[in-house]
Amino acid sequence: MSGIGYENILKWQIPFLSLIPALLYLLALELHHRTSALVVAGLAIFHETNAMALAGIVNVSHAKLLMSELPTALGIIAFSLIMIRWLKTKGSHPYLPILAGGIAGLTALIRVQVLIIMPPVVLLAWFGLKGEPRSRLKGLFLMGTGLLLAITPWFCRNWLKTGEFSFGTDPSQSGLIDQRYRLFNAPDLLENSKDDDSSSLQNAFQFITNHPDNFIQFTTAHFSNNLVASLLVLPARYSLVESLKTYNDLSPYWDGTPLKLWEQCCWINTYVQDNPYWDHWDGVWRKESHLPIVLNLVFIALGIAVIWTRHNLPALVPLLVALSYNAGNALVRTSGWRFNLPVDWLGFLLYGIGITQTILWIATYFTSRTMDRAEEQAPPFLATRRTTIWIGAACLGILAISGSIPVAEITVASRYHQDDIQPLLN
């Protein structure tokens, strides 16, 4: 519709990814309070603004890059929101699990590792739903239906192309698993590997059996690194007073150029350059970071406590999603940077809820008015009448979105063909 080219793609990508703050607003509203929802959405906007400003200074991925992290984050947030709503309504809206499964499947088409979040969430749903086992199985069946509707068109496309029902991932992924489940680096495995996932998994299990200590060491190290990366999204240093002093000291030298002065003393690039946490960090916290890190952890813990007190099991959905996704990264020995980006929003979600709850308690104390009561029950996403129609609409919508991918491949002529590419590879 807009033509081929980087700028034309951004015309669609940026508005699409701008839904992330809006979905985080709804997620925080579902869990806590309208004020915390505004705080969390604001933090999400600052997070993306800073990522764009720091491009070229530290390793970042943002909405203007053609990478998979932010679309994956959008899908995971939407999945978490619908799952929370479904569990809070005790499974009374059967179209919600279909939407949840469909979103998970569509997101898996972007990054297949997303599927690792499904087992713990399904287990949580089993205990969080009310009713007899039969009704719970019905809900989980509907979720599985949504997932299958999302991935089936792509699987059929791959079967027609290759004769196999699969996601059609890069064959080098098998070599990547082999390479990382060894005691030494073997880059040649990545090049010489064949698309044999079963063999790679078998070798990985054999490595775990023979070297459990090494397996535990690297998985815990990468998992911990992901948690630290989520924590470093939050302030690691309070530099307001220091920045104001520097601004005042440099003012005579930057007379008439206040924007240049601000960039020199107080902008985000100065902040990250003065802190070692984003470039060759040795794992030691600087003294000026001790208080901010402790307060961040306190607010995160408070956020967890508040949402658990109010919602019980549904409140665990964001935690389970983020922790299981990080665990999946750790299993393939990746962590930090863009690998953690799809779930690093958990840090400022809980932080925003915790700090807002603190402010509400303080306001309640000084005004003698109840400021921290829970929001009224949010209305369901759709009316409960004509359930069959809503279920059918959800199924058709998921199938239409997923099916548009192979349909576009058929209807839009390829610009380049294998005969044109092969001479360039020789």
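Which residues do ring pairs link into a cluster? Select Y277, W281 and W285: ring pairs join these three. Rings of Phe, Tyr and Trp (its six-membered ring) pair if their centres lie within 6.5 Å; planes under 30 degrees apart are stacked, over 60 edge-to-face, and the rest tilted.

Before moving on, note that this is a predicted model, where local features need pLDDT of at least 70, side-chain atom pairs count only at pLDDT 80 or more, and totals for chains, interfaces and linings use all residues. Residues are numbered from 1 along each chain as its sequence is written, and side-chain values use heavy atoms, leaving out hydrogens and water.

Next, the aromatic pairs. The whole structure holds 7 of them. Select F215 and F218: their ring centres are 5.6 Å apart and their planes stand at 85°, so this pair is edge-to-face. Both residues lie in helix α11 (residues 212-231), 3 residues apart, about one turn of the helix. Helices are DSSP runs (H or I, at least four residues), numbered from the N terminus.

Is F218 buried or exposed? F218 is buried, at a relative accessible area of 6%. F215 is buried too, at 17%. Buried means under 20% relative accessible area, exposed over 50%, and partly exposed in between (1.4 Å probe, protein chains only).

R333 lies over the face of F218, 4.0 Å from the ring centre. A charge sits over a ring if NZ of Lys or CZ of Arg is within 6 Å of the ring centre and within 35 degrees of the ring normal. Now select W126: the charged end of R136 sits over its ring, 5.5 Å from the centre.

Methods
Helix = DSSP H or I, 4+ residues; strand = E, 2+ residues; numbered from the N terminus.
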